[in-house]
Amino acid sequence: MKFSKSDLLFTSIIVLLSTLFSILFVRELNATIFRSGEKQLGTVIFKKKTATRKGGQTLRWERLKNESPVFRGDTLRTASGSEAQVFFLDGTSLDMYENSMLRLDSSSDLPELEILEGSLSLGSVAIDSQADTSRSIARVRIGDSVVEVDPAATVSFLRTGDQVTVDVTSGEARLVSDSGEETLIGENTEVVMNTQTGEASQTIREITPIYPAQGARLLDQRAQAGPITFRFTLANAPDARSQRRVIVDIARDSAFTYEAQEIPVTLEEGFAGPYEVRAPLSSGLWYWRARFESGATSSLRRLTIEQEGLPTLTHPAQDTVCSFKAHPPAVRFSWDSRRTVHSYILEIDNDPDFSSPLRSVRTERNSISLPALEEGIWHWRVRPQVNRELIHAPLSYPSRTFSVVKSRQMIAPTQLIPAHGALYQIGSARVSGLSFSWQPQDEAVSYDLALTDTSGEILFGPFSSRTSYRLVRPDEATIIQNAGTYGWKVRWQDAEGSLSPWSSVRPITAVDARDALSLSFPPDEYRVADSLTENMRLSWKTTVTQTVFVQFARDANFTEERREVPGLGDSILGLRFDTGRWYWRARTFNADGSVFLETVPRSFIVSPPLAQTRLLSPDLSREVLMRTAEDVSFSWAEVPGADGYRVALYYRAPITQDEEALLTDEIEADPVFEQTNHASTSISVPFSRLAEGHYRLSIQAFGLAGSLSTRLVGLRHERDFMARKLHRVELVSPSSGQRLSELGMRTDGIAFVWRNRTSPDTLELVLTKNGKPFSHGAVWKKGERRLTLTGLSEGRYTWTVRAKREGLDIAPVTPVSFMVTPVPPLPAATLVTPAKDAVFGPAELRGMKSLEFTWLPVSGATEYQFRLYQGLSKKPLLERSELTGTSVVLDDLTVLDRGNLFWEVRALRKNSGGKTERDGLVARQRFTIDLPKLTAPDAAGRKEYYGN
């Protein structure tokens, strides 16, 4: 297909527009808005990943660049795994942890913050000696209240929903309500607030964490990381001084569940601290706290540990000679960069101890060129500048030596790549060409590169280059696309036009490496029994003639226990490997020792015999108890690599067999129960169909042979045990339907009796009265078969027992019901005098001085109650109780009034303690006082008067 000029023009326009739109999209994605005319509050610096910002008058979130300005009204947020630090112009600093969001209030000149979500730490760090320090108080809004943080204080905030936790780790802060009321929050004090209700609670911590501080970022530059030191002190409070031990908790998460450590510290009497513990921790985020065993804890501390070594010096190499002809050369210095370093100080001196460096240059890059170094021997090193706290003493910085030499002759350049006798792949050369490089010459203005035959005769070139690098394209030299061996050489030219000698001819070989090397067997993740490794053949396919070397190591990076074995043809056989995971790969080498072809690593696992499992339940150190008609479940620990288990149960002897005889008994050949391919780690055995006696349990894991594994057999786990069947408790007395007198309950009580052929571990008497639970308070003691209760009152009762043996229920199936009948009352007394319905007129009363009430004794009574009533009145005229006799005398007859009167007697029976055991029926009789109505005397016709 041919393209016209219009097609080419249209295609070019499309490509140009696509490129332009892509550039605009990237600029828009990373745009940072700077608001002219608005007051800048500070700068945001990223500690980890990035943050986003939304302006006060926009809904658009913008991705921030490092050291972006922040303004009043901004909302800042960090995503998962991100951390940022905001430095305000007044010297205040704020750490924002992941998944956090805050708003900078625009209503105040002070940096007033509103926490919307997440975790933040507010402190005060002077980052600029010219900063305005007059604004000494930071304000954090929480609902309708404000927390004012002093300049020297450090305060952590955590907001979850409507709840905000304020933790003052050092210094002081004040909580100011909307009404203006102030509450001081001292050091090591925590306040929890609800933004909706305004409620707040304050807790003063009795333990103060000292080091590492909240939000600390620690750096370990050593090759072998060391332990981290933790320090805390105790408050001078009685509760703190009375404690005996503190636990230091360290974990990856704030709930102290992941990679958690608990380090106990014994407290010294009268010593408040500081106390110190050390713990080895790997890199990453950690949380720590200190707590008393009684439960009181310190505030939570968060720290980040990073491990990164000193920069490795790369150029110039040790003992490099930098020669020049006329002018001292510029020397390029380079080293590998470090993530934790914000700048580097390059020092150059002719004294190896660098006591007074002749040159000292600070740079944020990992390379720099310095001009006009004089002749001589020079020493150089790099001092990294980090913004983390070192957890060890500063290390000595590595240094290198090079020399600057003036030479009168032009020397041939030193070739670098490709190396002498190097191999390269034709496939890549056909597409990308072939690169050549050499050591740069300081006085060179150009270089010539030539491709030659092995004798040095130029076949292609020379190719000119102004740098010490030249890419030969496939269309410039067809020889690089063909298999075979040829050479290359290079020279340089100075500003005066002088040419240096050609370098020596370096031979290189082109190889067609398509599918040149690949692994065949075993496949990745192959599992082989340790006894079969010497019979395992490792094989590969190759089309090159170079010797194939096979590397083995414990890790995929081939650093642990690495060994290299030359292959014989296309395989290796007869190697012995220890158990565990091994990685292997095949490779061929170039002439300079560099790897030419290398396969992707594979792994195989040398497996020992599968582990012996461990029985989890039941506990076979004691006899196994079985309820009739129920199975017994056995469970064991999972064996890694097992595809299944063989479970067998052998009968050994009756339950009466003694232990000495058991030692000589042979196990029966056939198991009474067997599962040969059981997939899970638990099984139910139908012991209800088996006899009591001595048994042996055998569990053995196995792994199936397949395309990724040989057959694996595990070690057998065997346990001997005795099985005994359980019997439920039988209820004896009181029996079903039995009727018992309440009077007997009061005197003798009632005995609940049962039988148990199997002794229970726990037993509880369960009693109900009239269908509702009845609390009795009786406690069973092990070995007892009865419980006696007293004081059961009238009602219908149901009783049973809850009983267990080693967690198994052996309670009776059916409860028993019985009745407690009420106590019959004592009979009514026989009343004697005054007689029933007796009438007392003036004649009877005229000669009476008193009135005696008598009755006959009641059998069983210990005392009597007497009452006398006037008519239908409910208030007695006379009342006597605790009468032991059978009479009462009324001496004052004036209390009697004309009309009907009633008197009654009740018999009672009380025990020696004075408590009524039996009440009596009331005997009641009436008598009448019959007196005429009183009228005024008629004195007109009479001379005689009567009266008392």
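## Cis peptide bonds

Pro212 sits in the loop that connects β18 (207-211) with β19 (216-220). The peptide bond joining Tyr211 and Pro212 is cis, with omega about -5°.

A cis peptide bond also joins Ser617 and Pro618, where omega is about -5°. Pro618 belongs to the loop between β52 (615-617) and β53 (624-627).

## Basis of the description

The model is predicted, and local features need pLDDT of at least 70, side-chain atom pairs count only at pLDDT 80 or more, and totals for chains, interfaces and linings use all residues. Residues are numbered from 1 along each chain as its sequence is written, and side-chain values use heavy atoms, with hydrogens and water left out.

## Positive phi at Phe256

Phe256 is located in the loop between β21 (245-251) and β22 (261-266). Its phi is positive, near 60°, in a residue other than glycine. With a relative accessibility of 12%, Phe256 counts as buried; this term means under 20% relative accessible area, computed with a 1.4 Å probe on protein chains only.

## Positive phi at Phe354

What is the phi of Phe354, which is not a glycine? The value is positive, about 50°. Phe354 lies in the loop between β29 (341-349) and β30 (359-363).

Is Phe354 buried or exposed? Its relative accessible area is 6%, so Phe354 is buried.

Conventions. Helices (H or I, at least four residues) and strands (E, at least two) are DSSP runs, numbered from the N terminus. Buried means under 20% relative accessible area, exposed over 50%, partly exposed in between (1.4 Å probe, protein chains only).
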